[in-house]
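Please read it beside the sequence and the model.

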Amino acid sequence: MPRALFSVSSKQGIVGFAKELVGLGWEIVASGGTGQTLSAAGIPITKVERVTGQGEMLGGRVKTLHPAIHSGILARDTTEDFDELAANGIAPISLVVCNLYPFSETIRDADVSVEEAIEQIDIGGVTLLRAAAKNFSRVTVLCDPLDYSSVLVALKAEGNTSLAQRRELAVKAFAHSRDYDETIHAYLCESDLAEPSDSDVPESISIGVQRSHELRYGENPHQSAAYYSRSGERMPLGADQLAGRQLSYNNILDVDAAWRAVSSFDEPTVVIVKHLNPTGIASADTVTEAFPLALASDSKSAFGGIIAANRTVDEEFVAALGSMFVEVIIAPSYAYRVVTQLRSGRKNCRILQLSHPFSGSGYEFRSVMAGLLLQRSDIGDPPEARMRTVTRRVPSDEEMESLLFAWKVVQHVKSNAIVLAQGKRTVGIGGGLPSRVDAAELAIKKAAGETNNAAMASDAFFPFPDSIEFAARAGVRAVIQPGGSIRDAQVIETADHYDMAMILTGTRHFRH
């Protein structure tokens with residue numbers, strides 16, 4: 001009688017599969033909860049402890065780690081190995097059904113402790129998979145319930161699986177254990193690195209990603225693409241998609257940029273993003289009031305953009321959108337009936353719900369040819385940063401409000417970046433240009449005459465006074481920038497000449 005070992009975390013499909021095996025004359029050996037599930041379904045089983053002569057130990061941490069189990073799996077199809085098994089009273093195991101503790105699912109909970117996560121690190125299961133996969137010349141290994149049916153077809157037709165099928169299943173098992181270990185390694189690395197410290201970047205990293213789903217295409221239709229998740233979520237950022245078509249490659253990038261930006265603000269704020277750059281950002285008493293202010297910053301470029309709000313989207317907000325074409329709306333929540341309203345009125349608009357803001361903890365990765373770049377996320381000025389006024393004129397309270405708002409916005413604009421703001425709204429944004437004066441000219445052009453008494457923020461220092469002169473002639477009255485240029489004195493002198501107020505932050509915020 002051939003023997004199969006069942007030891008699974010996910011019980012999906014095991015009852016039907018085990019019944020079929022018993023009908024084909026197989027003996028089922030099962031551990032712990034797996035055995036209880038099968039017994040409750042009326043399937044005769046042999047308990048693992050009967051095979052090992054040893055009960056479970058350490059609260060279930062040790063069940064299948066025993067020579068009576070692993071010798072049965074690892075025995076080669078030779079007379080010598082089978083005779084040795086017989087001499088020790090051990091029966092060979094020809095099929096192993098095993099999947100692992102839900103580690104990925106456990107760590108999705110942001111509140112889970114490291115100690116709780118560690119308890120979901122499977123030891124015996126991984127060992128069973130690797131032993132069975134190593135011996136695929138004789139043993140069939142199953143880690144995916146979707147493969148149960150194809151194995152049954154082979155057993156019924158031929159009495160055994162083919163060598164090619166066993167090899168394919170072994171490859172799948174090794175990939176499963178590899179991905180599992182990478183996820184654990186990545187989590188433990190991040191758990192350590194997320195702690196406040198001055199530690200250097202890690203010597204080695206495990207990204208621990210798995211393909212969630214294929215995308216229609218990449219940035220362009222001729223490029224293939226897929227979305228990979230680091231923690232098992234199917235949706236980017238861990239969001240819930242409530243309506244609309246599948247997110248595209250470009251949608252995902254823009255959603256990430258928009259959510260990072262809107263997460264920077266405590267007050268009700270709306271961010272509109274197009275091609276990774278904000279076209280407008282505004283804060284107000286409500287997101288409904290903030291939306292038209294953000295839209296006015298660059299209504300032409302906002303067409304087909306991504307809208308992120310950091311408060312509940314209600315019916316008034318939807319009404320404020322009017323007939324504007326929007327690719328994606330993302331918010332922490334939606335008022336009752338709003339999703340139904342959006343589904344019926346905006347069938348092509350993706351509606352995303354994301355309850356947690358971007359925290360900026362951990363590291364960011366960028367791919368380059370033959371390597372990766374790693375850095376900590378930029379979540380604003382470091383705690384030790386100090387702003388100082390360097391011009392004769394000190395900014396007024398109104399100017400200071402505009403300056404601080406513009407300084408926060410400019411950190412989310414592609415470099416070189418210039419932002420013009422009045423109060424808590426942008427009036428012009430220029431970014432992604434190789435020349436800072438060109439970025440200033442673009443921001444002033446986008447402001448369309450709303451530059452009088454505006455504040456200007458620059459993500460990096462001004463290499464020449466030309467941007468200051470250009471802004472002053474447009475009516476800009478206050479500037480905030482990192483400083484650090486060899487021509488800082490000339491830049492400050494020019495600001496004084498035009499009676500502008502200037503603040504240096506000492507912190508650069510490049511975003512490439």
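Buried means under 20% relative accessible area, exposed over 50%, and partly exposed in between, with a 1.4 Å probe and protein chains only. By that rule Cys349 is buried, at 3% relative accessibility.

This is a predicted model: local features need pLDDT of at least 70, side-chain atom pairs count only at pLDDT 80 or more, and totals for chains, interfaces and linings use all residues. Side-chain values use heavy atoms, with hydrogens and water left out, and residues are numbered from 1 along each chain as its sequence is written.

1. **Cores.** A nonpolar core is a set of buried Ala, Val, Leu, Ile, Met, Phe, Trp, Tyr and Cys residues joined through side-chain atoms within 4.5 Å. The largest has 46 residues. Within this core, Phe6, Phe17, Leu21 and Ile73 touch the most other members. A second, separate core counts 40 residues, including Ala225, Ala261, Phe405 and Val410.

2. **Phe17.** Contact means heavy atoms within 4.5 Å. Setting aside neighbours within four places in sequence, Phe17 contacts Phe6, Leu95, Val97, Leu142, Tyr148, Val151 and Leu152.

3. **Cysteines.** With a disulfide taken as a pair of cysteine sulfur atoms within 2.5 Å, the structure holds zero disulfides. Cys98 is in no disulfide, and its nearest cysteine sulfur belongs to Cys143, 8.5 Å away. Cys98 is buried, at 2% relative accessible area.

4. **Strand 6 and Leu215.** Helices (H or I, at least four residues) and strands (E, at least two) are DSSP runs numbered from the N terminus. Leu215 lies in strand 6, residues 210-215. Leu215 is buried, at 8% relative accessibility. Beyond four places in sequence, Leu215 touches Ala225, Ala226, Tyr227, Gln246, Leu247, Tyr249 and Ile252. Leu215 and Gln246 are 31 residues apart along the chain, yet their C-alpha atoms are separated by 8.0 Å.

5. **A nonpolar surface patch.** Patches are made of residues with over 30% relative accessible area and no salt bridge; like charges are joined within 9 Å, nonpolar side chains (Val, Leu, Ile, Met, Phe, Trp, Tyr) within 5 Å. Accessible areas come from the Shrake-Rupley method with a 1.4 Å probe, and for residues only the protein chains shown count as cover. Val114, Ile118 and Leu188 form one such nonpolar patch, with about 190 Å² of accessible area together. Ile118 sits in helix 7, residues 114-118. Ile118 is partly exposed, at 37% relative accessible area.

6. **Backbone points to check.** Ser415 and Asn416 are joined by a cis peptide bond, with omega about -10°. Asn416 is in the loop between helix 15 (397-410) and strand 17 (418-421). Arg337, a residue other than glycine, has a positive phi near 75°. Its loop runs between strand 12 (326-331) and helix 14 (338-345), and Arg337 is exposed at 55% relative accessibility. Ala370 also has a positive phi, near 70°. Ala370 lies in the loop between strand 14 (363-368) and strand 15 (371-376), and is exposed at 87% relative accessible area.

7. **Salt bridges.** A salt bridge is a side-chain nitrogen of Lys or Arg within 4 Å of a carboxyl oxygen of Asp or Glu. The whole structure has 17. In one of them, Arg211 pairs with Glu214, with the closest N and O atoms 3.4 Å apart. Arg211 is exposed at 52%, and Glu214 is exposed at 51%. Glu327 pairs with Arg350, with the closest N and O atoms 2.6 Å apart. This pair links distant parts of the chain: Glu327 is in strand 12 and Arg350 in strand 13 (residues 350-353), 23 residues apart. Arg350 is buried, at 5% relative accessibility.

8. **Helix 18 and what follows.** Which residues of helix 18 are buried? In this helix (residues 488-497), they are Asp488, Val491, Ile492, Thr494, Ala495 and Asp496. Their cover includes helix 17 (466-473), strand 20 (478-481) and strand 21 (501-504). Asp499 follows helix 18 and has a positive phi, near 55°. Asp499 forms a salt bridge with Arg477, with the closest N and O atoms 3.6 Å apart. Asp499 lies in the loop between helix 18 and strand 21, and Arg477 in the loop between helix 17 and strand 20, so the pair ties together parts 22 residues apart in sequence. Asp499 is partly exposed at 38%, and Arg477 is partly exposed at 25%. Salt bridges that share partners join Arg393, Glu399, Arg477 and Asp499 into one network.
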